[in-house]
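The following paragraphs lead through one protein chain, from its overall architecture to individual residues.

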Amino acid sequence: MVEGHITIRIDDTLEQLIPPNEQTQVDLRTNQLTKSIVNVDYDVAWVKGYFNFKDTSLIDIMRVLSHGMMLLSPLKHKL
């Protein structure tokens, strides 16, 4: 979540508010919600014209680059 907030509800018994810089994973087998803090800057860096590859394997970097993002505009690269 970058901005704003959402509420996740499961079967009207479990509810959790998700504010910015947090994410929630839902285990549908156990109906458990796990909340964690994330750095959304890495996930939305492309909006500002950056690829952010910190702690990313070479294979994953190549997957991102192979999607043709380089052809859309002259982007800056931040490693």
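Read from the N terminus, the elements of the protein chain follow the order β-β-β-β-α-β-α-α-β. This amounts to 3 helices and 6 strands. The model under discussion is a predicted one.

The protein chain comprises 79 residues, of which 15% count as buried. Among contacts between residues at least 6 apart in sequence, 17% join residues at least 24 apart.

The description of individual elements may begin with strand β1, which spans residues 6–10 and pairs with β2 in the antiparallel sense over 5 bridges. Within this pairing, isoleucine 6 of the chain stands opposite isoleucine 18 in β2. The two strands form a hairpin with 3 residues between them, and in this hairpin aspartate 11 takes a positive phi near 50 degrees.

Asparagine 21 is not a glycine, yet it has a positive phi of about 65 degrees. Its position is the loop that connects β2 (14–18) with β3 (22–27). With a relative accessible area of 35%, asparagine 21 is partly exposed, because this value falls between the 20% limit for buried and the 50% limit for exposed residues. Asparagine 31, likewise not a glycine, has a positive phi of about 55 degrees. Asparagine 31 is placed in the loop between β3 and β4 (32–37), and its relative accessibility of 31% makes it partly exposed.

The charged side chains come next. Side chains of opposite charge can pair when their charged atoms come close.

Lysine 35 belongs to strand β4 and glutamate 22 to strand β3, so the pair ties together parts that are 13 residues apart in sequence.

Arginine 29 is exposed, its relative accessible area being 75%, while aspartate 27 counts as partly exposed at 25% relative accessibility.

The remaining pair to be described is found in helix α2, which covers residues 58–66. Here arginine 63 forms a salt bridge with aspartate 60, and the closest N and O atoms are 2.6 Å apart. Because arginine 63 and aspartate 60 are 3 residues apart in this helix, about one helical turn separates them. Arginine 63 counts as partly exposed at 48% relative accessibility, and aspartate 60 is partly exposed as well, with a relative accessible area of 32%.

Terms used:
Residues numbered from 1 in each chain as written. Predicted model: local features only at pLDDT ≥ 70, side-chain atom pairs only at ≥ 80, totals over all residues. Heavy atoms only, no water. Helix = DSSP H or I, 4+ residues; strand = E, 2+ residues; numbered from the N terminus. Buried < 20%, exposed > 50% of the residue type's maximum accessible area, 1.4 Å probe, protein only. Contact = heavy atoms within 4.5 Å. Pairing = 2+ DSSP bridges. Salt bridge = Lys/Arg side-chain N within 4 Å of Asp/Glu carboxyl O.
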